[in-house]
Amino acid sequence: MSDTTVSGWDILDGSHEALRRVVGAVPAGAWQLPTPCSAWNVTQVLQHAVGDQIGFAAALTGEPGPTFNPFEPSGAPETDPTAFTEDALVRSARAWAGVDRSAVEVPTPVPPHKMSPWSGSTACALDAAVHAWDIAVATGQASPLTPELARPLLKVAMEIVEPLRAWGAYAPALDSEPGDDDVAALLRYLGRDPRWTPSS
């Protein structure tokens, strides 16, 4: 089955649920822990992920975007991380629900700023799912990424990531290793070590 035969909306739903589930299971004292995003702690990764979901929603609807810079997250703890996350996920899902899936292009907040509905919704999903993984491994949770989810996410990552590396939004890709599965291939392409631990 081709990755693009899987609905981008199904991929987005799965990625949103991964982020929602992981955030809800973060222990109270874990929000300042380091993550695979070496410059950011758990709170900052969450703030970035939330800001990006709001950014995608704003691009689609013309509504206001995030009130903070997702690429310079403050790290100041959110009073209710679950509600903070849920608000962004609801805004994102609502915005994508209003998109004509047969449209040629939809606006996006990342280059090339216009994508097919499948690529745009899957790019939005990529951000939620990979940052769910960052938070999960930083806080001792099981990985929320599955091979079925990783395959289409890698496809869209290969469409959009290279221009963003020049801005520092993604680290250089890591070399593949024998035995890598679809999840490991996605993480390595995004500059993440699939075996990362807090002591790495």
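Start the tour by selecting Ser92: at 0% relative accessibility this residue is buried (buried is under 20% relative accessible area, exposed is over 50% and partly exposed lies in between, with a 1.4 Å probe and protein chains only). The model is predicted, so local features need pLDDT of at least 70 and side-chain atom pairs count only at pLDDT 80 or more, while totals for chains, interfaces and linings use all residues. Residues are numbered from 1 along each chain as its sequence is written, and side-chain values use heavy atoms, with hydrogens and water left out.

**Around Ser92**

Ser92 sits in helix α3, residues 81–97 (helices are DSSP runs of H or I with at least four residues, strands are runs of E with at least two, and both are numbered from the N terminus). Show its neighbours next: leaving aside residues up to four places away in sequence, Ser92 touches His16, Gln53, Ala57 and Cys124 (contact means heavy atoms within 4.5 Å).

**Helices α2 and α3**

Now select helix α2, residues 42–61, together with α3; their axes come within 8 Å and cross at roughly 25 degrees (axes are lines fitted to C-alpha atoms, for helices over the stretch in contact, and angles run from 0 to 180 degrees between N-to-C directions). The two helices are therefore roughly parallel to each other (angles under 35 degrees count as roughly parallel, over 145 as roughly antiparallel, 65 to 115 as roughly perpendicular and the rest as oblique). The crossing of α2 and α3 is left-handed, a term for a near helix turned anticlockwise from the far one by less than a right angle, with clockwise being right-handed. To display the contact, pick residues of α2 including Leu46, Val50, Gln53, Ile54 and Ala57, and residues of α3 including Phe84, Ala88, Leu89, Ser92 and Trp96.

**The cysteines**

Select Cys124, one of the residues that Ser92 touches. Cys124 is buried, with a relative accessible area of 0%. Cys37 is also buried, at 15%. The sulfur of Cys37 is 17 Å from the closest cysteine sulfur, in Cys124, which is too far for a bond. The structure holds 0 disulfides (a disulfide is a pair of cysteine sulfur atoms within 2.5 Å).

**Salt bridges**

Side chains of opposite charge can pair when their charged atoms come close. The count here comes to 7 salt bridges (a side-chain nitrogen of Lys or Arg within 4 Å of a carboxyl oxygen of Asp or Glu).

- Select Glu17 and Arg20, whose closest N and O atoms are 3.1 Å apart in a salt bridge. Both lie in helix α1, residues 8–24, with 3 residues, about one turn of the helix, between their positions. Glu17 is partly exposed at 35%, and Arg20 is partly exposed at 30%.
- Move to Asp134 and Arg192, a salt bridge with closest N and O atoms 2.8 Å apart. This pair links distant parts of the chain, 58 residues apart: Asp134 is in helix α4 (117–138), and Arg192 is in the segment after α6 (182–189). Asp134 is buried at 0%, and Arg192 is buried at 7%.
- Finish with Asp180 and Arg188, where the closest N and O atoms of the salt bridge are 2.8 Å apart. Asp180 is partly exposed at 28%, whereas Arg188 is buried at 4%.
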